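Me: I would like to learn how to read a protein model step by step. Could you take me through one, giving the general idea before each case?

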Amino acid sequence: MYLRNSWYVAAWDSEVVAGELKPVTLLGENVVLYRKKDGTVAALEDACPHRKLPLSMGRIKGDDVECGYHGLTFDCTGTCTRVPGAEKIPHVARVRSYPISERYGLLWVWMGDAALADESKIFEVEHYGDPSWGVNRGESMVLDCNYLYMTDNLLDPSHVAWVHQSSFGNAATEEAPLETTVGTDGVTVWRWMIDVEPAPFYAPFLKFAGNCDRKQHYEVRYPSNAIIKAIFVPANTGGEDKPLHEDVFLMDSYNFMTPVDENHTKYYWFQMRNFAPDDAEISSRFAASVRGAFEEDRAVLNAVHKGMANKQTPNLDLKIDVGPLRFRRNLAKRIEAENQLAVAAE
Amino acid sequence: MQPKGGFRDLVVVDKVRESETITSFYLKPADPDGWRPFEPGQFLVFRLPLPDETSLLRNYSVSSSPKAEGLYRISVKREAAREAGQPDGLGSLHLHDRTGIGAVLKAEGPRGGFVLDRGSDRPVVLLSGGVGLTPMVSMLHDLAGSDRRAIFIHACDNGEVHALRDEVAELVAANPNLSAHIRYRFPSEADRAEARHDSEGVVTRELLQSLLPLDDYDFYLCGPPPFMQSVFTIIRGLGVDKSRIAYEFFGPATVLDRAETEAPSPAPAPEAPRETAEGAPVIEFRKSGITVPWTDGAESILSFAEDQGLSPAFSCRAGICSTCKTALLEGDADYFEEPLDDLEDGEILICCSRPKTSLVLDL
């Protein structure tokens, strides 16, 4: 089940190069991406309407795509421009085209009703392009799990103490109680931890010595995009609604989950930091550490998906699941509303 | 330090037959440091094993003096089935028939808000019916030696079933501030011959008027539902403010339903008090036979149930997993966390709710 009237990340922009057809799968649909002569990207249904050969096995012809089986050709709107050997082009010979937009180095595809596509609804990344902020350019990976296990994970600061013992976690992450805020566009789970040791992953980058006040802010917005904020300030200067200390360490992690299908998720991420904007060494160190931590998540979530799909006894929901389950419930309601709307429109 | 809550072992150090139907058990903590003091009126929660290897929870008031540190006494009525085909009272049978000196009982507590208000200096009226005298006797012990006036009015069928009679008589004889009035509904020839009682009949308005000079009293009521209903109505009719009446029901809660049709009611069938004198809602755990006033400040109905020694199923304690879903037989509750799943009428999640009115729960 997916929310279709939404923007999903389909690829890094660098993955779609001139002259090459790039097949991707989102929400169970096969899509082919390619660059037009002006450098912008087009997204078409990746199946010729004749015998359903993926168009990505064909060739780019100018701004059009030619099928590799019998040469049927489609422009970037999905309209068939050529059927070799036919007197007339059938009106029904067309493929679906998807609204697509390039932002933050990512390609965003609108998977719902094209008439509703609105670029202002693409996830907002604060400070992007701000010269005083650095970017830890991220990567992507495929997880063998349903995307909702990822949204669970990103609304669950408590897993950090067990899954990421070597990196983000420290003893304090077990203790402090979690707050859950259900908003109009998603759910946030957060907590301030006061006067704790900084986690080893962040400690070398803090501008101050000694203990810290640390905020974990885990926010997932519909359909499946997350911002995780790590805030560190000198001990006893932090807390909700207090101005941030001038030595504050801020790192915003952006996480975009695209359901490939019900059993696989493509995960894209990058991070924004409020220090050393041009330090490539720091960027790559962070990128490497984050990759390592996410591999820890992948191992767990792949196994969780398998375990939950084949459970022999019931599973439990605990207090720590309040945020994740509220998110799931509200997303399900949105999906249901969208489906009803679709039925009503037919 | 000894943890305050939780079940611990109490050893039966003596077992005394008090009447035809009531037997006392004297209990000492197995762990010599495990003594937990109680207030007069409080009860212990017992987890009693059943022959089929399940267990059940029963509350029994402590009938001994709070001043006798290290020793609890409970006085338990053997509850035989009232009708053919109905089971006997399982808890009381276990104690009467299968629990001897040296036996170990699992008990939790002391608990309960039905306690003598030691901060008040008003004279005290202790009104009990049948086995409801047990907390009253504990209160009498507590009042002995003080100068606070107290009258103990006790109603039961006859001398055969009248427990702790000599103990009360000795207390009254030794303490000028205490008095007692014993009333039998069906006195025997022997009762009359030995003057075991002071009057005959049920508790009436006239009796209370004759015993209680005009004054501002603290009333304590304990007994089976028909007794409670009629006495509550009488003393309210005498103009006693609710805030002066504390009470506790005794007996299996199912009796509550039958009471109105079965028991010969000495007064027009009154409504059971549906809240305490202080206006707190009353929570009835029907399956468990526990009826207790809500404790202000209790986190949730679930944690309140646990405070009474019950163990309802739960998982999240945050309204999302529905594990604690329970049938709500009567009353209304408020949610402090909205349940994740929609509930049917008559269902309640007890982990994230508190009573709005008095409740009857299928627990």
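Me: What share of the 346 residues in chain A is buried?

Reply: Keep in mind that this is a predicted model, and that a residue counts as buried when its relative accessible area is under 20%. By that rule, buried residues account for 51% of the 346 residues in chain A, whose secondary structure comprises four helices and 18 strands. Of the contacts in chain A between residues at least 6 apart in sequence, 60% join residues at least 24 apart.

Me: Which salt bridge does Glu66(A) form, and is Glu66(A) buried or exposed?

Reply: Side chains of opposite charge can pair when their charged atoms come close. Glu66(A) forms a salt bridge with Arg59(A), in which the closest N and O atoms are 3.1 Å apart. Glu66(A) counts as buried, since its relative accessibility is 13%, whereas Arg59(A), at 44%, counts as partly exposed. In chain B, Arg17(B) and Glu20(B) form a salt bridge with their closest N and O atoms 3.3 Å apart; here Arg17(B) is exposed, at 59% relative accessible area, and Glu20(B) is partly exposed, at 46%. Over all chains, a search of the whole structure finds 34 salt bridges.

Me: What parts of chain A does the pair Arg291(A) and Glu139(A) tie together?

Reply: For a pair like this one, look at where each partner lies in the chain. The side chains of Arg291(A) and Glu139(A) meet in a salt bridge at 3.0 Å, N to O. Arg291(A) belongs to helix α3 (residues 280–309) and Glu139(A) to the loop between β11 (134–136) and β12 (140–143), so the pair ties together parts of chain A that are 152 residues apart in sequence. Glu139(A) is partly exposed, with a relative accessible area of 32%. Both residues belong to a network of salt bridges that also links Glu295(A) and Arg298(A).

Me: How many residues does each chain give to the contact between chain A and chain B?

Reply: An interface can be read by its residues, its area and its pairings. Nine residues come from chain A and eleven residues from chain B, and the two chains bury about 860 Å² between them, 50% of it on carbon and sulfur atoms. On the side of chain A, Asp317(A), Arg326(A) and Arg329(A) lose the most area to chain B, together 57% of what that side buries. The count between the chains is one salt bridge, in which the side chains of Arg329(A) and Asp341(B) meet at 2.8 Å, N to O. The residues of chain A that touch chain B divide into four nonpolar, no polar and five charged.

Key
Residues are numbered from 1 along each chain as its sequence is written. Chains are lettered from A and ligands numbered from 1 in the order in which they are written. This is a predicted model: local features need pLDDT of at least 70, side-chain atom pairs count only at pLDDT 80 or more; totals for chains, interfaces and linings use all residues. Side-chain values use heavy atoms; hydrogens and water are left out. Contact means heavy atoms within 4.5 Å. Buried area is the accessible area (1.4 Å probe) that two parts lose on being put together, summed over both. A salt bridge is a side-chain nitrogen of Lys or Arg within 4 Å of a carboxyl oxygen of Asp or Glu. Ala, Val, Leu, Ile, Met, Phe, Trp, Tyr, Cys and Pro count as nonpolar, Asp, Glu, Lys and Arg as charged, and the others, Gly among them, as polar. Helices (H or I, at least four residues) and strands (E, at least two) are DSSP runs, numbered from the N terminus. Buried means under 20% relative accessible area, exposed over 50%, partly exposed in between (1.4 Å probe, protein chains only).
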